[in-house]
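Have the sequence and the model open side by side.

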Amino acid sequence: MGLKKQIRFLHKWLGLISGLIVFIISITGCIFCFHDEIKDITRKEWRLVEPQNKPFMFASVLQEKAKEILPDYKQSMVSFYGKNRSVIVYTYSGTENRYLYFNPYTGKHLKTEDPETDFFIIVEYIHLYLLLPDYIGKHIIGGATIIFILLLISGIIQWWPKKKKDLKRSLSVKWSAKWRRVNYDWHNTSGFYISIVAAVMAITGLTFTYEWVGDGIYKTFNFGGDKALETKTPIIDTTTFEYNTSAAIDRALYQTMKKNPEAEMFYVMIPQKKGDIINTGAYPHTLRYDHQSNYYFHPYHGELLQSQTFDKKSLGLQVVEMNYGIHTGQILDLPGKIIAFIVSLIAAALPVTGFVIWYGRRNKSCKKIKIKA
C-alpha cells in the first residue's frame, strides 16, 4: 500500500467506527448553539424582568427565600445575570438539582425549574455523556472526538491535490454531476472548509472530558507552568470563628460588584461546610462565560483574601477560561454562534456523506464480483 492508500484505509474504518457518535455529538452541539436565545423567547416570563433604577436584593435574602420554598434543599450558588434578567438560586438535595428564579429587585419567586426535564439540558447531557453515567459516556465521547480530529487530518491529506492546477476543482462541488459525485465532492470540500474551526471546537470540547487537555493548553500558551498552582485558593484557620454568616456573603458580592462596575453578570458561591471560603465572580457580558475575574472572601466577616482579575491572570489561564466561549462560539457573540452552528451542522453531515461513499463503493465492488462469477 502507498501512503495515501493507507491513509484512505485508516480514514474509512475510523469513520465507520466513530460515525454515529460524531453525528450525535455534532447535531446536539448544533441544537445547543442558540439555547439562550430560544429560551429567552419561549420562557421570557421567568427569564426576563423589567429593569429598575434600584439595587439588587441581597443574595442572602434570596437564599432564605429559596430555603422557604424548598426546605429540604441546600443552596450552592446565587447568580445575577443582568439588569433585565432574573436571578437564579441553584439548589440541590442528594443527586437532584433545582433552579429557582427570582425577580432581583422585588424577590418575587418566578419559577422552580427541574434541569432533568429541560430539553436543552438533556441535549447537553447527550452531547457530553450520551445520557450514560458520566464516567462511561465521557470516554466514549472523548474517544470519538479524538478520532474525529484524526479524520479531519487524514481527510485533508486525501483531499490535497497532486497538482496546483487541480486546486480550484478540489475547492468546489460539481453540482451538474450525478448525485454520487455531488455527495463525494460535498464530503471533501465541506470537510476542508470547516477543518480548522471544527478542529478548534473538537480540541476545546476535549477539555470537558480530559483534564490533561486543559493542562496542555495552559502549558502551551505559558510555555510551561502549573495551572493548579495559579488557581490555588486560600486556606483559612477554621478554629477561630463560627460558620459563615449571611452578612459575609452579601459583603463579598457587594465588594465584587464595586470592583467591577462595568460587569453585567455576577455569582457568589455559598460555602457548604466549615472551612469553605466564599467564592465570587464577575463577567463583562451577560450569558458569556469568558474574561472572568474571581475573588475569595473570608466566610465569617467577608474580608477579601485573594483576587484574580482577568488582566492579572496568565495567558494560559485566560485561554483555558475562555474555552467554553470558544467551543460554543459565544466568545464572538451572535456571529460566533452562527459559525459554530454551521460548522456543527456540516460536521454532522460528514459521517452521513462518508457512509454513502463507502456504501456506494461497497455495492459497486459486490456487483463486479457477481458479474465475474
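Is Pro 55 buried or exposed? The model is predicted. In it, Pro 55 has a relative accessible area of 65%. The cut-off for exposed is over 50%, so Pro 55 counts as exposed. Pro 55 sits in the loop that links helix 3 (44-47) to helix 4 (59-69). Lys 83 lies 28 residues away from Pro 55 in sequence, yet the C-alpha to C-alpha separation is 9.4 Å.

Now the helix pair. The axes of helix 1 (residues 3-32) and helix 5 (residues 119-129) come within 9 Å. They cross at roughly 150°. Angles over 145 degrees count as roughly antiparallel, and the two helices are therefore roughly antiparallel to each other. The crossing of helix 1 past helix 5 is left-handed.

The residues that make the contact are these:

| Helix | Contact residues |
|---|---|
| Helix 1 | Ile 24, Ile 25, Thr 28, Gly 29, Ile 31, Phe 32 |
| Helix 5 | Phe 119, Phe 120, Val 123, Glu 124, Ile 126, His 127 |

By class, the contact holds eight nonpolar residues, three polar and one charged.

Which residues of helix 5 are buried? They are Phe 120, Ile 121, Val 123 and His 127. Their arc around the axis is only 155°, which puts them on the same side of helix 5. An α-helix has 3.6 residues a turn, so residues three or four places apart point the same way. The buried residues of helix 5 pack against several elements: helix 1, helix 2 (35-42), strand 3 (96-102), helix 6 (134-159) and helix 13 (323-328).

Note on methods. Residues numbered from 1 in each chain as written. Predicted model: local features only at pLDDT ≥ 70, side-chain atom pairs only at ≥ 80, totals over all residues. Heavy atoms only, no water. Axes fitted to C-alpha atoms, helices over the stretch in contact; angles between N-to-C directions. Helix = DSSP H or I, 4+ residues; strand = E, 2+ residues; numbered from the N terminus. Parallel < 35°, antiparallel > 145°, perpendicular 65-115°, else oblique. Left-handed = near helix turned anticlockwise from the far one by under 90°. Contact = heavy atoms within 4.5 Å. Nonpolar A, V, L, I, M, F, W, Y, C, P; charged D, E, K, R; others polar. Buried < 20%, exposed > 50% of the residue type's maximum accessible area, 1.4 Å probe, protein only. Arc of directions from axis to C-beta.
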